[in-house]
Structures are given as structure tokens and as C-alpha cells.
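Visitor: Hi, I've got a new model open and would like to talk it through. Could you walk me around it?
Guide: Happy to, let's have a look together.

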Amino acid sequence: MNKILRLSFANIKKHKRESILFMILITLGIVLLSASVSAVLGIKKITPKMVKESGCFNNLVRFDQKYYSEKYLEFLKDNKDVERFDHTSVVTDIIKVKNYQGLGEDMLVDISFVPESGERSMESFKTDVDFNSVEHPIVLSKTNKDSLEVKKGDELTIAWDNKEFTFTIIGFYETGLWDLGTKMVVSEDDFRFLENCMERYETVGITTADGVDNKALLKEFKDYCEEASINDISGGVSDLAYEDIVSANDINMSLLSIIIMMMSAVIVIAIMVMIRFRIVSDIKEQIVSIGVLEAMGYTSGQIAAAYIFEYVLIAVFSTLIGIAPAFLAAKGLLKNAASSIYYSGEVDVPVVPIAICTLSFVVFVGVVALSRAMSVRKYPPVMAFRKGIDTHNFKKTILPLENTRSNVHIRLALKDLFQNAKNHIGLSVCIMACTVLVLLGFLIGSFLGKPDNILNAVCGHELCDIRIEATGNVEPEAFAKELSEMSEVKKVLTPADGLGVKVNDGDDSRGLEVYDDYSKTSTIIVTEGRLPEHENEIAVAVQAMKTIGVKLGDTITVEHAKVKKKYVITGIVNSAVDSNTVYLTTDGFKLMSPAYKPSTFDIYLNDDVDKKEFADLLRNRYGKEIAEYKDDKIDGDSLEEQIKSTANKKMAEAMLENGVSYMEYSVRVGDKVITGSTSLMKIKTLTFVREENEEIAHMFCVSITGIAVILMAVSAIVVILILSILMASTIRKQYRELGIMKGLGYTSRELKFQMAFRIIPVALMGVILGTILAMLLMKVVDAYVAKIAVSVFSVVFMDLAILFYCFICAYICAKRIKKISVYELISE
Amino acid sequence: MDTILKTEKLCKSFSNAGLQQHVIKNMDLEIYEGDFTVIMGSSGSGKSTLLYALSGMDKPTLGKVYFGKEEISGLNNDQLAVFRRKNCGFVFQSIYLLDNMNVFDNIMTGALVVQKNSPELIDRVKTLLKKVGIEEDMWKKYPNQLSGGECQRVGIVRAVINNPKILFADEPTGALNSSSGQDVLDVFTDLHKRGQSIVMVTHDIKTALRGSRVIYLRDGDVVGEHRMQDYETDDLTKRRESLQDFLNEMGW
């Protein structure tokens with residue numbers, strides 16, 4: 001045993017550089033694999049832990065305020081499966097946070113506001129704050145504390161449209177399942193102000209007894225609400241069952257870990273190939289020494305064991321180095337995963353998977369080493385002295401030099417390549433795996449890394465410059481015509497906004513887009529077929545095709561307001577953003593809802609028009625948003641002005657809260673009659689759709705680009721590591737040949753070129769196979785995420801870049817040829 | 001005769017465990033074109049070191065080496081490689097054929113680094129191989145299927161395939177049996193007769209007899225020189241006696 005260990009140590013010492021490179025490769029593999037496996041397993045415990053700690057309700061149902069009724073709660077009161085329930089109001093919008101992270105710039109953030117009482121009823125709200133301590137208090141979740149980089153006492157200024165509101169942060173709290181993006185808790189007074197300016201919802205939380213089928217219960221509850229309501233509420237209700245929340249959270253949180261697991265798979269392949277290659281090279285190189293050792297009485301088993309020990313020792317050492325970073329990386333991944341579901345509590349890192357992964361790595365390295373090292377047995381001493389004479393193939397001369405027509409260096413490189421073709425298969429596999437990672441990273445990153453691509457190709461929605469939701473007192477066609485006749489306007493579309501439908505009798509409510517004429521839309525793109533043109537046609541988003549289980553040409557049943565109609569699927573819409581949407585023509589939608597009249601107007605401006613100035617122009621012409629009238633203070637120099645101001649405020653309240661479409665007033669003061677109407681209150685809301693989405697897309701692009709860069713960087717590191725090991729082994733193995741060639745007058749540069757050129761056909765094979773595999777995987781991405789445009793030129797360019805990178809790496813790694821001294825070789 | 005190689009104050013030393021070992025000391029030497037120069041000396045006298053310094057295989061520690069009028073001691077490794085392939089041929093004691101290539105490819109490897117492939121080149125390889133007694137049935141064989149003498153003759157063909165201006169040989173018969181050694185030496189003699197400049201290191205008198213000029217080294221310096229007639233026209237007994245006398249004088 002002692003002898004074997006000494007042999008192993010001697011080998012490691014002799015090949016110090018390669019051993020270190022191997023150690024780095026194995027450490028990298030251990031860290032990535034252990035961390036990702038540990039994180040994937042650890043992620044499953046985060047949501048239940050969060051629920052337990054926050055005391056939140058397990059199931060949530062959200063109603064648009066206009067569809068909500070207190071009478072729905074009767075169903076829950078008498079239900080034996082329901083342990084407890086409560087409800088609260090919430091307002092939500094995409095709002096500008098001023099001076100984001102203290103960097104001086106504003107950032108759009110999806111924020112929900114909840115009153116203090118609401119938060120306390122829905123979650124434990126463990127925080128010691130006094131809402132009376134300052135004028136406009138606000139409490140943020142602990143996750144927002146980090147993302148917004150704020151502290152207690154800071155001011156938080158939010159802005160939407162032309163309004164600004166400044167809060168003082170009085171504390172932070174731990175949130176549960178009820179995240180709603182960036183949820184902030186405000187005082188009751190401030191909430192009452194905010195609910196007039198933003199979309200308002202009612203959230204019902206339900207906790208059930210153990211063993212209850214939450215999804216079934218929520219379906220019953222929604223059916224009950226539907227029955228209890230005189231309206232179709234399907235488009236205004238959404239629910240989240242505990243099982244779905246846990247599963248969705250787990251999938252969302254696991255994505256990064258799975259990507260890292262893919263990277264570690266590439267490294268595992270690389271390690272396997274490299275160990276195999278190095279042992280084979282070692283045995284060939286040391287064949288005479290092996291013969292001497294055997295002649296001295298060492299058994300081939302002992303010599304094989306020395307090789308196995310050598311690699312196991314390296315693996316054990318890598319484990320010792322890698323286990324702490326693996327633990328930290330797993331913790332980092334879990335923290336990152338937890339923050340993505342707004343949980344900032346402590347995460348538990350599963351240690352056992354880390355231990356198993358590292359141990360598996362050692363065993364794996366040992367097994368691969370064993371499988372190769374056993375070939376020592378093929379060489380009894382005499383054959384070893386003859387340098388394994390029968391290992392050469394004497395029957396056929398590959399690429400004889402007498403037939404050389406071009407460059408001799410290329411010929412020599414190819415000759416060596418084919419003579420050692422078997423050894424190069426592994427390298428080809430490694431490069432193939434790296435090519436897959438690089439191409440996927442590049443194609444996804446370069447496409448989804450550009451906000452314009454997200455907005456124009458995979459958004460699945462129309463992104464106009466300004467969207468106006470009109471009050472009830474406009475005639476849609478006339479208003480659209482009026483808008484489109486303005487010189488600044490390129491076109492005006494009239495979509496339906498916020499509608500929901502059910503498909504094929506399913507329970508899930510899906511988004512619905514409705515347009516008169518899809519040929520006028522710009523960013524709703526079909527991957528197959530065409531957008532609907534006739535009333536019996538429908539288009540479906542990419543993922544909706546999968547979830548509904550239909551294909552192009554099928555007929556589906558769509559239900560809206562309890563009316564069902566059949567439509568033929570004519571196209572698949574590329575939509576990575578809202579994957580459940582279906583698309584109908586206005587005439588098609590009217591089959592279910594004959595009284596439908598559009599109230600939303602999408603305005604597309606000419607390129608040189610300033611959006612803000614145009615919005616002001618609209619406000620001057622059609623009045624402010626009605627919420628602003630409602631918030632206005634009553635003022636005016638004269639009594640008449642004060643009366644008009646008061647009347648406007650009252651009319652705005654009536655329109656907002658009671659759905660009034662038109663009002664007139666007449667007030668007599670002495671002899672004077674003061675009159676007015678809502679005819680100048682045509683704008684309910686005005687939003688800059690594209691601008692808002694651009695900022696969201698920008699944030700998404702940054703993270704996608706980050707992942708793409710990581711994928712490519714890991715591949716680049718793996719390639720350079722394996723080529724370093726490969727070149728070092730090859731140079732050592734061919735030390736004598738290279739020395740002789742130097743003696744014959746070949747320069748180091750020519751020999752380095754030969755060495756590097758040898759890997760080009762191998763790399764080319766790997767790159768071609770990798771490209772094919774990557775393209776197949778892109779089809780999966782196309783089917784389940786969104787169709788990503790693949791430019792053949794980009795793919796070819798990347799393939800050439802990979803080949804060039806491999807060549808350059810190999811050329812640089814072959815620099816040790818320079819150190820080969822002919823004189824040393826001769827005088828050995 | 002014109003000088004083909006010249007050294008000025010040539011020094012070569014090695015560092016061994018911190019100690020400088022001066023193998024060649026301030027040597028001034030001229031090698032003439034068309035000469036068959038034999039370098040002799042006892043073990044450790046610096047014979048091989050001198051050969052490799054002269055041929056550009058190794059760089060001198062101090063001093064200069066001129067090939068014709070060109071100073072080669074200042075060239076970098078790649079420039080030396082280009083110099084070697086254009087001007088020199090090498091025959092080694094350990095032969096150093098490329099094990100992974102057959103006989104023909106071993107020679108072509110040396111040839112194609114200098115010249116482009118052509119039917120003339122192929123013909124020349126075949127002619128030379130036949131001339132040194134390597135028949136066609138051996139051309140596709142690998143080095144470890146040949147005897148030592150056959151390998152060395154292939155090595156000589158590889159060394160002369162590019163018509164080098166000078167051929168260096170380091171103990172070319174050192175690893176061969178007597179019969180094979182004689183065959184190899186006949187090849188050298190034949191090459192010399194055709195005007196090939198040769199510098200050969202040996203400690204074997206039989207081998208040295210083939211030369212036209214014998215230089216004797218002791219402690220890294222030239223201590224004696226002996227000129228001889230053409231090998232083929234000379235009386236071999238007298239030639240042997242005179243060389244023996246010279247070597248005895250030198251303390252051989």
C-alpha cells in the first residue's frame with residue numbers, strides 16, 4: 001500500500017501542472033454540481049417554511065373590485081374544510097420609484113399597497129412599528145429593503161402619471177405567500193387616497209384543514225361566486241391554490257440551479273474524457289517504466305492501483321477545497337431563490353446532498369480511473385520494454401507524406417489526428433457539450449437580451465405609445481376617428497382590455513385580446529398560421545397550445561359571460577410574457593358578447609412626437625384623468641369656479657365609484673345659472689404602455705444576459721482547462737517526436753501550429769454535433785417558452801468563433817513546445 | 001579549402017548543483033568545406049557539446065559561431081531551427097526516427113519542411129534509400145520493424161535528403177554491431193567522396209579512419225589535429241598506424 005501511495009504521489013509530483021488543472025476542473029465540477037443539487041432540494045423546503053413563519057393563508061383568491069361581493073364569503077363561513085379565512089383590499093400599479101437605490105434615477109416597479117389592517121388580517125406582520133409616528137408611514141417587506149437599498153427613516157417617493165407621493169419608511173416585515181410583487185403596507189388614510197388612483201382588488205385568504213384538496217375547494221368557491229353574481233366574473237377572478245403556489249415557486253426558484261446543473265454536467269463529461277485521455281497517455285509514456293516496475297516485482301494490479309490512487313487523491317483534495325465553496329454557493333443559490341419569492345428569512349442548506357455529490361465525484365473519478373488503469377494488465381514486462389510494440393497499426397499508413405500536396409504542417413497535424421482518432425473522440429464530446437451551452441446562451445441571450453426583441457417579437461401584446469381607457473361617455477368609432485385624425489398620430493387601435501375567457505370547459509381563466517383588424521397590429525406575431533381574420537377564427541399563444549392540448553386547425557370552445565362559442569385555431573402567437581392569452585376579432589368576440597363596445601384606445605405616435613407633450617395635449621382636449629378630478633382640492637377665486645371645481649370632483653367620484661357614464665349639473669346662484677357636464681371628462685386612465693414595458697423588459701434583459709454570459713464563461717473555462725490538460729499530456733507523450741522534429745528544423749511555432757491544428761477537425765465535429773443538439777433544444781424552447789428567431793449567420797459566426805477559440809487556446813496551451821530542447825533530448 | 005564553420009572564443013558551460021562546469025573553453029576552430037572532420041577525445045572532453053554548438057542545436061555560453069560569414073550564435077531558437085533545416089543534416093547515435101511513421105514518411109518529414117513535394121523529390125528519396133541498401137519492401141515498415149543498422153541508414157537518408165551544406169554525425173555507429181557499422185560508414189565515405197562536408201564525433205578508431213581531418217579535444221579545447229589522405233586511395237594499414245600514433249601522442 002505504501003509503495004502504491006508513493007508511486008501515486010510521485011506521479012502527481014511529476015505532472016504537477018496537469019494535476020493542478022485537474023484539481024481545478026474537479027473542484028469546479030464539485031462546487032457546481034453539489035451547490036445546484038443541494039439548492040434544488042433545499043428550494044422545496046422554502047415555501048412551506050415561509051408559510052409557517054409568516055402565518056399567512058395558504059390559498060388566495062383575488063377579485064377585481066367591480067366583481068367582488070361580501071356575500072361570496074358565506075360559502076367559506078359554513079364550509080367544514082375551511083379552517084380560517086379573511087379578506088382585504090389592495091391597490092396595485094406599475095409605479096415609478098424616484099431615486100431608485102439612491103442612484104438618482106427613477107425606476108418602474110410593480111407595487112401593491114395594502115392597508116395596515118389588511119396586512120395584519122392576512123399575515124402575522126411581525127414588526128414593531130407605529131403607524132402614527134410619522135405623517136405618511138410605509139412598511140416594506142425585508143426583500144424590498146435589499147432590492148430598493150433603503151433603511152428605516154428613509155423617504156420613499158413614488159410617482160405615477162403626474163402625481164408624486166412621499167412616504168417615510170418606518171420598518172420592515174417578513175411576507176408570506178401573499179406577495180403580489182412589491183407589497184408595501186400603508187396607513188388606512190393613505191390607502192384610501194391611493195385606492196382612488198390605482199387598480200383596486202379584493203384578496204380573500206383561505207386556510208384549509210390538512211388533507212383538503214385546495215384546488216377543488218377553490219373551484220367550488222369560484223363556482224359559488226359565479227352563481228351568486230349576476231355578472232360573468234370569470235375574467236375578474238384569479239386564484240392560487242397552495243399546491244400550485246408551492247409548485248410554481250419551486251419551478252421558478254429552481255431555474256437557475258438547473259442551468260448550473262447543466263453546466264456541471266458538461267464538466268462531468270470533460271472530467272471523464274480527460275481522465276481517460278490522461279491515463280492512456282500516461283501508460284503509453286511510462287510504458288518502459290511500467291515494464292521496469294513489473295520486472296522488479298510490482299504486479300500490474302499495484303501499478304493500476306497507483307494510477308487510481310493518483311486520481312482519487314486529486315479528487316479527494318479537490319473535495320477538501322470544493323466543499324466549503326459548494327456550501328456557500330448552495331446558500332447563495334437558495335438565498336437568491338428565496339428572494340425571488342420575496343422570502344428573506346434564513347434558508348437551510350441541505351448538507352447531505354453536498355456530501356453525497358462530492359463523494360459521488362470521488363467515486364466517479366475512481367471508477368473512470370479504474371476502467372482505464374486496468375489496461376496496464378495488457379503489458380507484461382517484455383512487451384512494455386518494447387513500448388507495447390503491438391499497439392501500432394502497421395497495416396495501413398494513414399495520410400502518407402509522399403502524397404502531400406499542400407502545407408506539410410497541416411498534413412502532419414491531420415496524420416497525427418487520424419492516428420490517434422480514438423483519443424480525440426472524448427475531446428469532441430467535450431466541445432460538443434460546450435458548444436451547446438455557448439449556443440444556447442448566445443441565442444437566448446442575444447435575442448432576449450435586447451428589450452426591442454422582447455417587446456416586438458415575443459411580447460404577444462400590442463405596445464402602443466399611449467393607451468387611453470375612456471370613460472363611458474365616448475362613442476368609440478367617433479373617438480377613434482378623432483384621435484387618428486390628429487397630425488401627431490400614426491394610427492389608433494381599439495382593443496379590448498382586461499377581458500377573460502375559459503377555453504374547452506376548463507377552470508382557468510385566460511386573457512383575451514380583441515382587435516378589429518390584426519393586420520394593423522405590430523407586435524402580435526404568429527409563429528405558425530395567421531392571426532384571425534373572420535369571426536369564427538381564433539389565435540392562441542404558444543404555451544396555451546400546450547396547456548389546452550390543441551393544435552393548429554383544431555376547433556375550441558370559448559366561454560365568456562356564460563356564453564360558449566366555437567372557433568377554429570388559425571395561428572400560434574409568440575408570447576413569452578402572457579402565455580395563456582387567446583386572440584379574437586371584434587366580430588368574433590361579439591358572438592359571445594353582442595353588446596361589446598371598445599373603451600380602450602391604443603395610440604401610436606409618429607416617430608418625432610414627444611409622448612409627454614402629446615399626453616398633455618390630450619389632457620387639454622379631453623380633460624384630465626378622472627381620478628385627478630377626484631383628488632383635486634376645491635379651489636377657485638370666484639364662487640363660480642369653486643362650484644365648478646366641486647361639481648367636477650363629485651362627477652369624477654360618481655364615474656369612478658358608481659360607473660356613471662355621463663352627468664350634467666345645473667346650479668343657480670342668484671340670477672346666474674352655472675352648468676357643466678362630464679363631456680370634458682373622457683379619459684379614465686392614460687398610460688405610456690411601451691415606455692413602461694421597455695423598462696420592465698430592460699430589467700429582464702439584464703438577467704437573461706447575465707445568465708447567457710455565465711453559460712459562455714463556464715464553457716470557455718472548461719474548454720481552456722481541457723485543452724490545457726490535453727496539450728500538456730500530448731506534449732509529454734510526444735516529447736521525443738517533437739524534439740526530433742525540432743532537430744530536423746521544425747520551429748516551435750510550426751510545431752505549435754501542428755498541435756493546435758490537430759484539434760480543429762475534432763473541434764469541428766464537436767461544434768457541428770453541438771450545433772445540431774442546440775438547435776433541437778431551441779425547438780423545445782420554441783414550443784414551451786417562445787419562438788426565438790435564430791439567425792443562421794449568427795450560428796455560423798458563433799461556431800467559427802468557438803473553433804477559433806479552441807485553436808487559439810490549443811496554440812497557447814502548446815507553448816511548452818518552446819521549452820523542448822533538442823540538446824537535452826539528445827544528451828538524455 | 002573554404003571555411004564553412006568557424007568558432008571564436010567559444011565557451012560552453014553547464015550549471016550543476018550550483019557549480020559551473022566549463023565544458024568548452026575559449027575554443028577557436030575552423031571547419032572546412034568538403035572536409036570529413038572527425039572530433040575525438042576522451043569521455044567528457046566536450047566532443048558532443050562542440051558538435052551541437054557548431055550545428056546550432058545548442059547555444060554557446062560565450063563566444064561566436066559563424067556559418068560561412070553568418071553568425072549563428074546570436075540567433076533565437078526558431079531562427080536556429082530554420083538555419084538547421086536549410087543548411088544541416090544530422091545523424092544521431094540513438095538514430096531518433098519517428099516511431100509513429102514508416103520509413104518513407106520519416107524521410108519525407110525531414111524533406112517537406114524545406115522543399116515542396118514533387119515527383120523529383122520522391123524519386124530522390126527512393127534513389128537514396130536504394131543507395132544505402134534499404135530496398136522497396138522496407139519503405140512502408142516502421143522503425144521498430146527494422147534492425148539498428150537499417151534504421152541508421154534511413155536516418156542518414158533523412159539527414160541528406162535536403163542536400164545539406166554540412167552533415168553532423170554524433171557517434172553514428174555507436175549503437176550498431178560491427179557489420180551494420182561498416183555499412184553505415186561506407187555511406188558516409190561515399191557522401192564525402194561526392195563532396196559532402198561532414199563533422200563526426202566518435203571515439204572509435206575504425207570510424208575515425210574514414211575522416212580526412214581528426215581534431216582531438218581535451219578538457220574543452222582543441223589540443224591536436226591530424227590530416228589524412230582520401231580513405232579510398234590511402235593505404236589502410238599506414239593510415240591506421242599514423243592515426244594511432246597521433247592519438248597516442250594526444251594521450252588516447
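Visitor: How many helices and strands are there in chain A?
Guide: Chain A has 26 helices and 22 strands. Keep in mind that this is a predicted model.

Visitor: Noted. What box do the C-alpha atoms of chain A fill?
Guide: Roughly 125 × 60 × 50 Å, taken along the principal axes.

Visitor: And which domains does the assignment give for chain A?
Guide: Domain 1 covers 50-248, domain 2 is made of 408-459 + 691-828, and domain 3 covers 624-681. Over C-alpha atoms, the centres of domain 1 and domain 2 of chain A are 49 Å apart.

Visitor: What share of chain A is buried?
Guide: Of its 828 residues, 46% count as buried. As for contacts in chain A with a separation of 6 or more, 83% are between residues 24 or more positions apart.

Visitor: Which residues touch the most other members of the largest nonpolar core?
Guide: Those are A:Val540 and A:Ile722, in a core of 316 residues. Setting aside residues up to four places away in sequence, A:Ile722 touches A:Ala270, A:Met274, A:Leu427 and A:Cys430. As a general point, nonpolar side chains tend to be buried together in soluble globular proteins.

Visitor: Let's move to the contact between the chains. How many residues are in contact on each side?
Guide: Chain A brings 26 residues, in contact with 29 residues of chain B. On the chain A side, the elements giving two or more residues are α13 (408-419), α23 (735-744), α24 (748-784) and α26 (822-827).

Visitor: Which of them gives the most?
Guide: That is α23(A), with six residues. By residue type, the chain A side divides into twelve nonpolar, nine polar and five charged.

Visitor: Over to chain B, then. What is the strand order in the open sheet of four strands?
Guide: The order is β2-β1-β4-β5 (chain B), and the pairing is antiparallel. At the edges stand β2 (19-32) and β5 (70-71) of chain B; each has a single partner strand, so one side of each has no neighbour in the sheet.

Visitor: What packs on that sheet?
Guide: Helix α1 (residues 47-54) of chain B does, touching β1 (3-16), β2 and β4 of chain B. The direction of α1 makes about 60° with that of β2(B).

Visitor: How many bridges join β1(B) and β4(B)?
Guide: Five, in the antiparallel sense. In that part of the sheet, B:Glu8 stands opposite B:Lys64 in β4(B).

Visitor: And how many between β4(B) and β5(B)?
Guide: Two bridges, with β4 spanning residues 62-67 of chain B and the pairing antiparallel. B:Tyr66 stands opposite B:Glu71 in β5(B), while B:Phe67 has B:Glu70 as its bridge partner. The hairpin of these strands has two residues between them, and B:Gly68 takes a positive phi near 65° there.

Visitor: I was wondering about B:Asn26. Which strand is it found in?
Guide: B:Asn26 is in strand β2 of chain B. Leaving out neighbours within four places in sequence, B:Asn26 is in contact with B:Lys9 and B:Cys11. B:Lys64 is 38 residues from B:Asn26 in sequence, and 9.9 Å from it in space, C-alpha to C-alpha.

Visitor: Why does B:Asn26 count as partly exposed?
Guide: Because it has 14 C-beta neighbours inside 10 Å, and partly exposed sits in between the 20 or more of a buried residue and the 12 or fewer of an exposed one.

Visitor: What about B:Asn77, where is its place?
Guide: In helix α2 (residues 77-87) of chain B. With 17 C-beta neighbours inside 10 Å, B:Asn77 counts as partly exposed. B:Asn77 and B:Gly56 are 21 residues apart in sequence and 8.8 Å apart in space, C-alpha to C-alpha.

Visitor: Last topic, backbone angles. What is phi of B:Tyr96?
Guide: Near 55°, a positive value in a residue other than glycine. B:Tyr96 is in the loop between β6 (88-91) and α3 (103-112) of chain B.

Visitor: Is B:Tyr96 buried or exposed?
Guide: B:Tyr96 counts as buried, with 24 C-beta neighbours inside 10 Å.

Visitor: And B:Asn163, which loop does it lie in?
Guide: The loop between α5 (148-160) and β7 (166-170) of chain B. Phi of B:Asn163 is positive too, near 50°. B:Asn163 is exposed, with 11 other C-beta atoms within 10 Å.

Notes
Residues are numbered from 1 along each chain as its sequence is written. Chains are lettered from A and ligands numbered from 1 in the order in which they are written. This is a predicted model: local features need pLDDT of at least 70, side-chain atom pairs count only at pLDDT 80 or more; totals for chains, interfaces and linings use all residues. Domain bounds come from an automatic or database domain assignment. Two residues are in contact if their C-beta atoms, placed from the backbone, lie within 7 Å. Two strands pair if DSSP finds at least two bridges between them. Axes are lines fitted to C-alpha atoms, for helices over the stretch in contact, and angles run from 0 to 180 degrees between N-to-C directions. A nonpolar core is a set of buried Ala, Val, Leu, Ile, Met, Phe, Trp, Tyr and Cys residues joined through C-beta atoms within 7 Å. Ala, Val, Leu, Ile, Met, Phe, Trp, Tyr, Cys and Pro count as nonpolar, Asp, Glu, Lys and Arg as charged, and the others, Gly among them, as polar.
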